[in-house]
Amino acid sequence: MHQSGIAPFRKYFVGINSLAELATKKDRVCVLNITGGESRTVTPVSHIYSGGNIVCGTAPGRSGSAMKTAAGDIPVFDNMAEAVNAGVKFNVVVVYLPPSGVRDGVIEAIRVNPDLEKIVILTEKVPVRDARIIRAMGQLHGVDIFGANCLGIADAHNHIRIGGALGGSAPEESLLPGSVAIYSNSGNFTTTIAVYLATAGWGSTVSLSSGKDIYIHYAAPEWAHAFHMDDRSKAAVMYVEPGGYYEHDLTFEKPVVACVVGRWKAKLTKACGHAGAIAGSGDNAFAKEEWFMKKFGVDALFTPDNPVCTEKGAVVTNIAHIPAALTAVMAKRGLKPDFAPVGDLSMKCWFSNTQGIELPKPLNPPVVKAMAPYDEQIGSLGEQVGAVFARQSMKDASGASMMDSKTQVTRVHGVAVLDSSTHAFEENLVQSLIREYPDANGIKLANVALNAFVNRAGHIGLAAADAARESGNAPNTVLAAAVAMVGPKDVEFSRHAAATLVNLFKKVHIDDPAASGVDFSAQLGAAEADALVSSAACERGAAMLAAIKARGAKSMFVDFLEALAQKTGKHLRGQVVLAAIATHLGWKPLMRKRLSALTVSNMPWHFRVFSTLIGSAAGSAQQSTGKFCNVADAELMKSYSFTETAYMALFGNRPDADALYGFSVLLGLITSNGPGTISAQGAKGAVSADGPEAPERVQINKGYIGFLTHTGFAHGGNGFEAIAFLLDRFRDSGLKDPGSESHGLDLAAMATAYAKQYKGYKSKAKAEGNISYEKIPCVNHPVFKDKDVNYDPREVFVNDLFRKRGSYNVFHDFYHNLVQALYKTGVSKNVYCVNVDAVIAVILLKMLWKPYAEGKISDATMEAAAFTTFLFGRMIGSAAEIDDHTNRGRNMDTRTPASACAYVS
Amino acid sequence: MNITGMLYGSKLLKLVDFPTSKVLGPEADEHQIKDMIAECGEVFVKPIFKGGVGKKGKSGLLGRAKDVGTAMKEKERLYFAEHFHNNTKAKAEGVTFEGAVPAEYEIYFSLSDSTEFRAPTVTLTHHGGMDIEELPADKLARIPFDPLTGLKGFVISNGLKKIGAPAELISPLVQHLPKLWDLYHFYGMTMLELNPIRMRSDGKGRLTPVACDFKCSFDNDDPNVARLGLPDDLDTSSYSNFELEVNELRTYQGQSDVFVINEKGTITAMTFGGGANALVTELLGDAATISSDFGGNPPYAKMHDISRIVYKYWLNQSNVLFIIGGKANNTDIFETFRAMSDALRDHFNAYGPQPLYVVVGRGGPNLIRGMSYMKDTLDSLGIPYQMFGFDSAMSEVVNFAQAVDAWMKNGGREIVAKQMGLSVQQAA
């Protein structure tokens with residue numbers, strides 16, 4: 001069953017009589033799924049190119065919003081019925097729905113819109129089953145359908161593009177008005193052929209990307225008719241692939257160049273490339289070449305060496321031969337190209353680096369100037385420093401961290417937290433921002449910078465932290481109060497200094513910023529350099545420079561600043577030295593475009609927050625002007641690692657090697673659990689709310705406050721549960737040194753006794769109907785649970801680390817005894833794993849056992865220490881998320897649409 | 001995915017209650033075969049090929065037995081039989097034993113979507129059991145029908161009358177054949193062929209169609225196929241591990257079609273667009289490891305995954321990593337180039353550096369940003385490269401990649417290795 005269309009087609013409906021009707025100025029378009037990933041970039045370009053032909057779009061749940069374009073806003077409705085009821089008139093529907101929604105979208109379009117004439121389906125991978133129904137529905141209701149899996153239609157004369165992205169983001173570049181109609185099975189080649197034709201002076205009338213699914217709804221026969229009826233089209237180019245008989249019975253009255261590609265596809269046993277480009281013996285590439293050769297009366301393919309053609313046409317198998325073939329065919333009819341050639345198809349090498357290898361001449365083509373506007377863009381590459389990330393919705397997405405759901409191991413910038421645990425705290429902090437670990441020299445510099453701002457004595461932030469502490473807040477709230485006082489004004493000078501340094505040195509090709517002897521006389525003379533020095537002396541700045549020397553660290557940026565200070569007779573502020581160190585650390589990845597310039601200028605702010613967070617963990621009683629935990633600031637800068645400082649802020653003393661290692665491992669392990677964790681969500685939400693599309697306005701310190709407020713007694717503070725559990729087991733054991741294997745305790749007996757006790761408790765609780773009985777912390781895991789003996793691979797990794805160091809931990813040992821005892825006493829059906837949270841608890845308890853046993857610290861202090869340790873570690877991952885979201889996110893992208901929210905009564 | 005043979009064919013036909021011949025799988029023991037011979041008088045022994053393999057009968061790959069001894073001998077002969085058809089070699093993995101169905105008539109039946117009619121089309125003849133291509137047109141009914149109503153009895157009846165089929169065939173076929181539409185349409189098939197259907201008599205003049213061979217193709221893009229719950233490895237013979245791994249990434253945004261061309265190839269082409277895929281693969285010939293189409297604007301994560309898998313399987317043996325496409329309409333060159341570059345860096349980190357030459361030909365949105373990112377990556381990895389603008393003829397860029405491959409084969413690989421500071425072993 002079908003409607004009657006134009007006269008030549010009696011067996012099926014065709015409504016279009018001429019190519020001039022395919023994409024007209026009168027067409028009004030509704031785009032389905034207008035806000036989808038592909039449409040979002042394509043639709044505005046089409047709308048602008050076509051003078052505003054898109055009257056509405058649909059996106060469920062987004063009714064009332066609009067897609068903003070330079071040619072005006074396009075209103076968005078929930079569905080087509082709503083648009084029609086609102087009085088919007090359209091005769092064309094463009095389908096960007098996912099494959100499973102295409103058939104229903106087409107049926108709905110036909111149902112609700114009596115004015116509908118054309119449907120263009122862009123979607124790839126529409127099931128054949130749905131294509132059958134789509135075809136039948138179009139036939140039944142007299143609607144011309146294009147695609148699927150096509151790129152739509154463009155009329156260069158009408159300056160109209162409907163559907164997909166023909167001509168890409170700059171259609172005028174490729175769609176030059178002329179006399180040639182293009183029909184192509186390949187969307188990309190539709191544009192590429194137009195570009196190739198222009199090199200021989202041929203422009204286009206209508207370009208049609210037909211798609212190459214099994215069902216081509218608007219195919220060669222009806223296109224050929226419309227081509228003949230279009231007076232503007234004097235000739236045509238057809239690009240066809242094997243499979244299907246669409247071209248078999250075509251007859252032409254005007255000249256045509258047919259390009260048939262895909263002889264190799266005869267080998268295929270399944271489609272590769274276009275879904276419909278799989279052929280039997282009768283419709284393979286050889287067969288199709290024959291069809292066209294017969295139509296054109298030629299006995300061979302056209303090649304530049306053997307230019308066989310008639311005035312009817314030519315057959316080529318290489319798209320590069322199309323322009324010459326068309327010119328030859330048209331010459332036989334005495335017709336000349338539409339305009340002077342635009343460019344040519346010769347080889348144009350735009351970028352080349354032989355890496356110093358002597359190559360044969362043909363393999364080393366000269367680099368030529370690219371066509372406009374690409375030449376300007378290449379020229380400006382030298383100006384652009386660092387990476388520029390594409391902005392996208394970063395809700396529940398991250399370019400910094402990723403958790404593998406199978407292994408439960410999170411990676412931050414590609415480094416698994418297990419590997420992070422083998423790096424020092426300061427290395428991980430730097431890596432979270434520059435996406436790779438600093439070298440030994442970089443670590444020295446980082447330690448100077450981080451330690452320089454730790455002492456908070458006399459700073460309002462410390463007073464805020466103290467006040468917050470005194471009013472009974474948990475450590476996250478206390479630290480948030482301090483971090484709030486590191487606002488944009490406090491870091492303005494540093495950020496500007498970092499940006500100035502990048503600007504001064506971006507064109508000096510320096511591979512290693514630690515190199516000495518760099519000639520920076522030009523930079524010393526630059527006017528903006530003056531912004532880096534101050535009239536007043538700065539104690540901190542001088543101390544930092546002294547510490548850098550004392551550590552034997554090298555930095556070209558520091559050398560430059562010192563030379564500048566000497567030249568101007570002025571001084572360097574600590575903030576500027578911090579900026580120099582940040583620029584040094586970020587330099588290599590910045591030059592390789594792995595980092596953005598924004599990240600480098602924000603790094604001093606991140607560093608200041610790191611220092612503040614660590615510094616404020618110690619109360620005001622532990623710091624005074626010039627001294628932090630009884631250590632002189634200058635000494636901290638010269639000889640302390642930031643890990644040591646962090647340990648000292650928490651526990652009051654410099655750690656020994658064993659404690660330092662344990663602390664370092666601990667902090668590395670808790671770096672991140674991916675973008676889905678609450679702490680990451682808090683950090684990302686804070687950035688999102690500031691609007692990262694204006695990144696200079698994002699309050700980096702507020703990002704950290706977001707992280708801190710999104711931790712709490714259930715997230716981060718729960719580490720204490722396992723410690724409390726272990727304290728109950730060991731409190732009266734008389735244990736002296738948890739690091740000594742000769743502790744004299746019978747751990748197996750302790751574990752068995754507890755397992756029996758727990759079994760009794762559990763049975764009783766169950767008998768009483770209490771199903772929320774207490775669980776043993778840190779054993780078992782929802783993923784690692786189905787084997788006879790289970791292991792959490794993360795725990796195994798860390799256990800191995802300590803074993804190889806010969807470092808013993810009695811609490812860890814106890815946990816392994818416990819899971820065996822639970823199995824043997826029948827509490828568990830298999831041997832549970834000891835999970836990674838146990839590792840965190842046992843490391844921490846081992847560090848704190850001695851002062852605890854001696855009564856020097858209370859349970860409350862222990863709980864605060866456990867929580868704060870978590871915050872230190874998680875700060876690393878949060879830094880990565882904050883920086884990533886600032887670089888990639890869109891304004892308010894973490895919100896959830898109202899339609900996805902639930903009301904619960 | 002394709003299925004041939006009655007082992008699974010009979011299971012699928014049972015879903016729509018279509019009668020089939022009796023079938024035993026390769027595990028059948030002598031007693032079962034004996035019973036089948038006793039019941040049916042004769043068994044056919046057929047090799048099992050995974051995927052779609054035709055013309056087996058013509059190649060002598062069909063055994064017949066009226067006793068257990070012969071059946072077992074045929075089993076031995078055919079169990080690992082090899083068959084060359086349509087440019088591909090297939091190796092059997094077992095045999096089926098199928099009970100003979102004595103009949104006077106053999107029917108050919110198929111359903112497919114015709115590009116001529118642009119509608120589902122039934123092909124039917126009572127001159128079945130032979131190559132359909134060899135039949136004259138007047139003995140064959142090809143009838144398109146409306147998918148909104150489906151395959152109805154009148155379509156079958158009209159078709160059979162048109163080719164003068166005996167009257168006694170019409171009623172049983174009108175009764176049974178429409179069922180096959182349900183199997184075809186609702187389980188995501190693109191082709192279904194039963195040849196032959198043998199018309200079994202009940203001795204009282206009543207005939208029943210019995211399917212005695214089965215062939216079908218499924219639509220990879222149709223989620224309804226999953227409703228059949230077919231085992232994953234049913235058609236794995238036609239997919240390499242590489243193809244299987246890439247196929248897992250199939251989502252609607254961004255193509256991820258690959259096909260292994262030559263396991264010993266030396267140019268690995270990351271090709272963008274169906275047209276470029278057709279053209280580049282043709283020009284590269286056997287130098288190519290794979291044929292690929294990664295167009296359709298894949299997001300970064302997907303492109304990174306694809307690149308990771310491609311590099312893992314093919315980079316080590318490759319002289320040239322060839323990134324090629326036309327002037328993209330919508331594929332974001334920055335995102336795709338960034339993903340390929342990052343994956344290349346990750347690959348070098350994980351597997352160590354190797355001598356390699358990179359040739360690029362591409363156009364599209366954010367082109368210079370994309371090329372620049374790749375340039376920076378290749379510079380930092382020390383890999384030589386040339387990148388060509390989209391106004392260079394694509395075929396010439398392919399020729400250039402081939403020339404680089406030839407140079408690499410003739411000592412260039414060692415030179416690149418030396419320049420990259422790699423040892424001889426790493427160069428090999």
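Trainee: In chain B, how do the axes of helix H10 and helix H11 cross, and within what distance do they come?

Mentor: In this predicted model, H10 (residues 333-351) and H11 (residues 367-381) of chain B have axes that come within 7 Å and cross at roughly 10°. That angle makes H10(B) roughly parallel to H11(B), because angles under 35 degrees count that way.

Trainee: Which hand does the crossing of H10(B) and H11(B) have, left or right?

Mentor: The crossing is left-handed.

Trainee: And which residues make the contact?

Mentor: From H10(B), they include Ile333(B), Phe337(B), Leu344(B) and Phe348(B). On the H11(B) side, look for Leu367(B), Met371(B), Met374(B) and Leu381(B), among others. By type, the contact residues of the two helices are 10 nonpolar, four polar and three charged.

Trainee: Switching topic: how many residues does each chain give to the contact between chain A and chain B?

Mentor: Chain B gives 85 residues and chain A gives 90 residues. In chain B, H11(B) supplies the largest share of the side touching chain A, with 11 residues.

Trainee: What types of residue make up that side of chain B?

Mentor: There are 32 nonpolar, 34 polar and 19 charged residues on the side of chain B that touches chain A.

Trainee: Which strand of chain B pairs with strand S15 of chain A?

Mentor: That is S19 of chain B (residues 385-388), which pairs with S15 of chain A (residues 349-353) in the antiparallel sense over four bridges. To find one bridge on screen, take Cys349(A) and its partner Phe388(B) in S19(B).

Trainee: Now chain A. What is the strand order in its seven-stranded open sheet?

Mentor: The order is S3-S4-S2-S1-S5-S6-S7, and the pairing is mixed. At the edges sit S3 (66-67) and S7 (144-146) of chain A, each pairing on one side only.

Trainee: In what sense do S2 and S4 of chain A pair, parallel or antiparallel?

Mentor: S2 (residues 54-58) and S4 (residues 74-77) of chain A are parallel, with two bridges. Gly57(A) stands opposite Val76(A) in S4(A).

Trainee: Which strands does helix H3 of chain A lie across?

Mentor: H3 (residues 99-112) lies across S1 (29-32), S5 (92-95) and S6 (118-121) of chain A. The helix runs at about 170° to S5(A).

Trainee: Last one: what are the confidence scores for chain B and for the model?

Mentor: Chain B averages a pLDDT of 88, and 93% of the residues score at least 70. The model scores ipTM 0.85 and pTM 0.65.

Methods
Residues are numbered from 1 along each chain as its sequence is written. Chains are lettered from A and ligands numbered from 1 in the order in which they are written. This is a predicted model: local features need pLDDT of at least 70, side-chain atom pairs count only at pLDDT 80 or more; totals for chains, interfaces and linings use all residues. Axes are lines fitted to C-alpha atoms, for helices over the stretch in contact, and angles run from 0 to 180 degrees between N-to-C directions. Angles under 35 degrees count as roughly parallel, over 145 as roughly antiparallel, 65 to 115 as roughly perpendicular and the rest as oblique. A crossing is left-handed if the near helix is turned anticlockwise from the far one by less than a right angle, and right-handed if clockwise. Two residues are in contact if their C-beta atoms, placed from the backbone, lie within 7 Å. Ala, Val, Leu, Ile, Met, Phe, Trp, Tyr, Cys and Pro count as nonpolar, Asp, Glu, Lys and Arg as charged, and the others, Gly among them, as polar. Two strands pair if DSSP finds at least two bridges between them. pLDDT is the predictor's confidence in each residue, from 0 to 100.
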